[in-house]
Amino acid sequence: MASVKEGKPAPSFTLEGGDGKRVSLEDFAGKNVILYFYPKDDTPGCTKEACAFRDEYEVFKEAGAEVIGVSSDPVESHVKFASKYRLPFVLLSDRDAAVRRRYGVPPTLGVLPGRVTFVIDREGIVRHVFNSQLQATQHVREAMAALRALPPA
């Protein structure tokens with residue numbers, strides 16, 4: 001499994017979103033991207049993390065960033081999860097975990113899909129990586145701090 005490092009280009013991907021459209025990383029060219037991988041929709045830690053990103057979403061947008069969540073759940077699950085918690089950002093379905101592997105997101109305890117957040121700058125370079133299964137809401141604080149450290153547009 002490859003591992004994406006800070007200072008290196010973010011691997012390209014195209015996945016299906018909740019509206020049935022295919023979404024690519026290139027769709028966000030010129031924007032900072034907060035790309036977070038999480039284990040499963042509507043579980044306690046993942047719900048806390050998603051709601052924390054939701055609660056700070058406008059701040060991310062004002063800073064010129066887009067938030068993208070990725071898990072192996074099917075699109076239908078993402079639609080229900082986003083609706084239930086009023087998530088304003090896109091959730092993408094990585095059913096075969098190919099993108100998770102491309103980014104080198106390690107499993108936790110060898111079985112749980114990992115929880116890793118990548119901050120990608122406007123040029124597509126990974127500027128920050130945060131990996132923590134148990135500190136779900138810390139991902140939002142880490143992403144915000146990394147975003148604020150980037151040079152302005």
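In the largest nonpolar core, which comprises 25 residues, the members that touch the most other members are Phe53, Phe60 and Phe89; a nonpolar core is here a set of buried Ala, Val, Leu, Ile, Met, Phe, Trp, Tyr and Cys residues joined through side-chain atoms within 4.5 Å, and buried means under 20% relative accessible area, exposed over 50% and partly exposed in between, with a 1.4 Å probe and protein chains only. The structure is a predicted model, in which local features need pLDDT of at least 70 and side-chain atom pairs count only at pLDDT 80 or more, whereas totals for chains, interfaces and linings use all residues. Residues are numbered from 1 along each chain as its sequence is written, and side-chain values use heavy atoms, with hydrogens and water left out.

Two or more residues are given to this core by each of E3, H1, H2, strand E4 (65-71), H3 and H5, where helices (H or I, at least four residues) and strands (E, at least two) are DSSP runs numbered from the N terminus. Phe60 is in contact with Ile34, Phe53, Ala65, Val67, Val140, Ala143, Met144 and Leu147 when its neighbours within four places in sequence are left aside, contact meaning heavy atoms within 4.5 Å. A second, separate core holds 20 residues, including Leu15, Phe28, Ile120 and Val126. In soluble globular proteins, nonpolar side chains tend to be buried together.

Helix H1 (residues 44-55) and helix H5 (residues 138-149) have axes that come within 8 Å and cross at roughly 35°; these axes are lines fitted to C-alpha atoms, for helices over the stretch in contact, and the angles run from 0 to 180 degrees between N-to-C directions. On the side of H1 the contact is made by Glu49, Ala52 and Phe53, and on the side of H5 by His139, Val140 and Ala143. The residues of this contact divide into four nonpolar, one polar and one charged, with Ala, Val, Leu, Ile, Met, Phe, Trp, Tyr, Cys and Pro counted as nonpolar, Asp, Glu, Lys and Arg as charged, and the others, Gly among them, as polar.

Aromatic rings were then considered. Rings of Phe, Tyr and Trp (its six-membered ring) pair if their centres lie within 6.5 Å, and planes under 30 degrees apart count as stacked, over 60 as edge-to-face and the rest as tilted. By this rule the count comes to 12 aromatic pairs. The ring centres of Tyr36 and Phe89 are 6.0 Å apart and their planes lie at 70°, so this pair is edge-to-face. The pair links distant parts of the chain, 53 residues apart, with Tyr36 in strand E3 (residues 32-37) and Phe89 in the loop between helix H3 (75-85) and strand E5 (90-93). Tyr36 is buried, with a relative accessible area of 0%, and Phe89 also counts as buried, at 5% relative accessibility. Tyr57 and Phe89 form a tilted pair, with 6.1 Å from centre to centre and 40° between the planes; this pair too links distant parts of the chain, since Tyr57 belongs to helix H2 (residues 57-62) and Phe89 to the loop between H3 and E5, 32 residues apart. Tyr57 counts as buried at 8% relative accessibility. Ring pairs link Tyr36, Tyr38, Phe53, Tyr57, Phe60, Phe81, Tyr85 and Phe89 into a cluster.

The structure holds zero disulfides, a disulfide being a pair of cysteine sulfur atoms within 2.5 Å. For Cys46, the nearest cysteine sulfur is that of Cys51, 11 Å away. Cys46 counts as buried at 1% relative accessibility, and Cys51 counts as buried at 13%.

Most residues other than glycine have a negative phi, and most peptide bonds are trans. Asp42, which is not a glycine, has a positive phi of about 60°; Asp42 lies in the loop between E3 and H1 and is partly exposed, with a relative accessible area of 38%. A positive phi of about 60° is also found at Ala97, likewise not a glycine, which is placed in the loop between E5 and helix H4 (98-102) and is buried, with a relative accessible area of 16%.

Lys31, in the loop between strand E2 (22-24) and E3, is partly exposed, with a relative accessible area of 36%. Apart from neighbours within four places in sequence, Lys31 is in contact with Lys61, Gly64, Glu66, Ile120, Asp121 and Arg122.
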